[in-house]
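This note sets out points for a colleague who is meeting the structure for the first time. Please read the points with the model open alongside.

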Amino acid sequence: MAEKTVQEINQKIKDGSVRVVTAEHMTDIVDELGPKDAAREVDVVTTGTFGAMCSSGAFLNFGHSDPPIKMQKVWMNDVEAYAGLAAVDVYIGATQLSESRGMEYGGGHVIEDLVARKSIQTRAVAYGTDCYPRKNIETTIMIDDLNQATMLNPRNAYQRYNVATNSSDRTLYTYMDTLLPNCGNATYSGAGVLSPLYNDPYFETIGVGSKIFLCGAPGYIIGEGTQHEPQNGLGTLMVTGNLKDMNTEFLRGATFYGYGTTLYVGLGIPIPILNEQIAKKTGISDADIITNVLDYSYPRRTRPTLRKVSYEELKSGVIELDGKEVRTSSVSSFFMARKVASTLKHWIESGEFTISQPIEKLPNDTIFRPMKQTDKTPLVKEVMSKNVTTIRKGKSIEDASKLIMKGQFTHLPVISEDDKLVGIVTAWDISKAVAKSRYDKLDKTMTRRVITATLDEPIEVTARKLEKYNISALPVIDENSKVIGIITSDDISKLIAKRKGIVTTSNPKTKKVKGRT
């Protein structure tokens, strides 16, 4: 068949003869008719996704006050907006946290409240200049008080998301939501069959200038998104639209417990079916879309891949990991993704929305590179104390107290008969036991769920564990759970002081500190 053109499809939109289906429906059409006849039958396929898109935000212009102010720092409902843009322009980012409410409220909520036409308490400070003499201002702002309110999201609509699970024995709080211990659940994101970039994986119809559905209003793709990596199926988009035209049905501020705030964004892209090859690609099914299950208990840039899995399996509610059935749940909404795709379909069928020809292709060959780090990251093995005293399980409180007194330390790992770590007891635990006249075995006093470190663990990860669990030392274990060292908060403090060029004296009474010369 002869190729269609975007102009021909737009003419059909104008005269009401256009045939539009959602990507979910297109899968069945291609399966039934084949790509060639499907291309004859269908003119446009609509896609949709609705999920947490942390790399989102909005540019806002307040207009000038009298006397004028050159805003240096700006807060909206106590959420700081970036003000390094001339005098009265700011950028409010979705993940910026409230200075008074913390993770309960953030930039994503401010954006939703603006779109909902709510009043936003706004304050700013400045250093004052001859032409901008004002140094502070407090006011209330609604979206219609702003000259411009432009959503500009640096990275949206990931082509593929990895699945997250957690093999550790502790709950983790992540951008993939709460991950239960011992692979108690697996979370995923993305709309699968409706995903915009899975329906045009080589960006044949999607590019710079493509008109899209963005949070209930028309929007545009303005370039590749940050971290765009199509070679590994991880393409992204940079998008923009008029915040004043958007709808809170398709835009929601949200909080991932223990992680932070975000913005849920509804985004849909129309795919013009210009030829048989494009029709074939839009016939993709959930069974065809494969992604990786990653173990998030490893807080490193590269996490272990446990297996590959299809979206068909993920949407079934259960996947198998190492012979165990693990429940799955989505952190995005397929219900809302369907609504995005069907709303866009209605706009096109009613003649409200036409297809735009990209003015420039998106790159297909970019690779997402890691951050260049000029400082070497210290590892636990470089800082830990290798001379660690342990005690056997079954020993008494008195035995433990003698070891602690003799060694002048405060943490005593407890090991089994085969030398594996089974617990830990502290000087404070011993003191409490003695105060209660308890001199029985350690088993009733020791902590059994021990937070540990490993040799090649970065110090930043260890420091995070100490802070999160409010403890001051971690036993260092090998792959067989045998204790090979211990690292304390004092060890880390000394390392930080050394890296900053601060030398402390060895006299604990004077505690003199000498700075760099």
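In which strand does T291 lie? The first point below takes up this question; the model discussed throughout is a predicted one.

1. Residue T291. T291 belongs to strand β24, which covers residues 290–295. With a relative accessible area of 2%, T291 is buried, since buried means under 20%. Its side chain reaches the backbone oxygen of Y161 at 2.6 Å. When residues up to four places away in sequence are not counted, T291 touches R160, Y161, N162, V163, R307, K308, V309, Y311 and L314.

2. Division of the chain. Three domains are assigned: domain 1 (6–53 + 152–361), domain 2 (63–146) and domain 3 (380–505). The centres of domain 1 and domain 3, taken over C-alpha atoms, are separated by 47 Å. Between these two domains there is contact, with seven residues of domain 1 meeting eight residues of domain 3.

3. The largest nonpolar core. This core has 90 residues, and the members that touch the most others are M26 and L243. Helix α6 supplies the largest share of the core, seven residues. Why is the core placed between domain 1 and domain 2? Both domains give residues to the core, so the core lies between them. As general background, nonpolar side chains tend to be buried together in soluble globular proteins.

4. Leaving aside neighbours within four places in sequence, L243 is in contact with A58, I111, L114, V115, I143, A149, T150, M151 and L251. Another core, of 15 residues, lies apart from the largest one; its members include Y161, I289, Y311 and I319.

5. Helix α6. This helix runs over residues 334–349, and its 16 residues should span 22 Å at 1.5 Å a residue. The end C-alpha atoms are 22 Å apart, which agrees with that expectation. Its buried residues are M336, A337, V340, A341, T343, L344, W347 and I348. Seen down the helix axis, the buried residues fall within an arc of 160°, so they line one face of α6.

6. The ends of α6. Just after the helix, G351 takes a positive phi of about 85°.

7. Helix α3. How many of the nine residues of α3 are buried? Nine of the nine are, so the helix is largely enclosed by the rest of the structure. The buried residues are G107, G108, H109, V110, I111, E112, D113, L114 and V115. Of these, I111, L114 and V115 are also among the contacts of L243.

8. Residue R117. Just after α3, R117 takes a positive phi of about 65°, although R117 is not a glycine. This residue is found in the loop between α3 (107–115) and β10 (120–125). Its relative accessible area of 30% makes R117 partly exposed.

9. Residue F203. F203 also has a positive phi, of about 55°, although it is not a glycine. The loop that holds F203 runs between β16 (186–188) and β17 (207–208). Is F203 buried or exposed? F203 counts as buried, at 0% relative accessibility.

10. The cis peptide bond. D66 and P67 are joined by a cis peptide bond, with omega about -5°. P67 is found in the loop between β4 (57–61) and β5 (73–76).

11. Residue K4. K4 lies in the segment before α1 (6–15). At 11% relative accessibility, K4 counts as buried. The side chain of K4 makes a polar contact with the side chain of D43, at 3.0 Å. Leaving aside neighbours within four places in sequence, the residues in contact with K4 are A39, R40, V42, D43, I273 and L274.

Key:
Residues are numbered from 1 along each chain as its sequence is written. This is a predicted model: local features need pLDDT of at least 70, side-chain atom pairs count only at pLDDT 80 or more; totals for chains, interfaces and linings use all residues. Side-chain values use heavy atoms; hydrogens and water are left out. Helices (H or I, at least four residues) and strands (E, at least two) are DSSP runs, numbered from the N terminus. The expected span of a helix is 1.5 Å times one less than its number of residues. Buried means under 20% relative accessible area, exposed over 50%, partly exposed in between (1.4 Å probe, protein chains only). The arc is that of the directions from the helix axis to the C-beta atoms. A nonpolar core is a set of buried Ala, Val, Leu, Ile, Met, Phe, Trp, Tyr and Cys residues joined through side-chain atoms within 4.5 Å. Domain bounds come from an automatic or database domain assignment. Contact means heavy atoms within 4.5 Å. A polar contact is a pair of N or O atoms within 3.5 Å; within protein, one must be able to donate a hydrogen and the other to accept it, and residues adjacent in sequence count only if both atoms are side-chain atoms.
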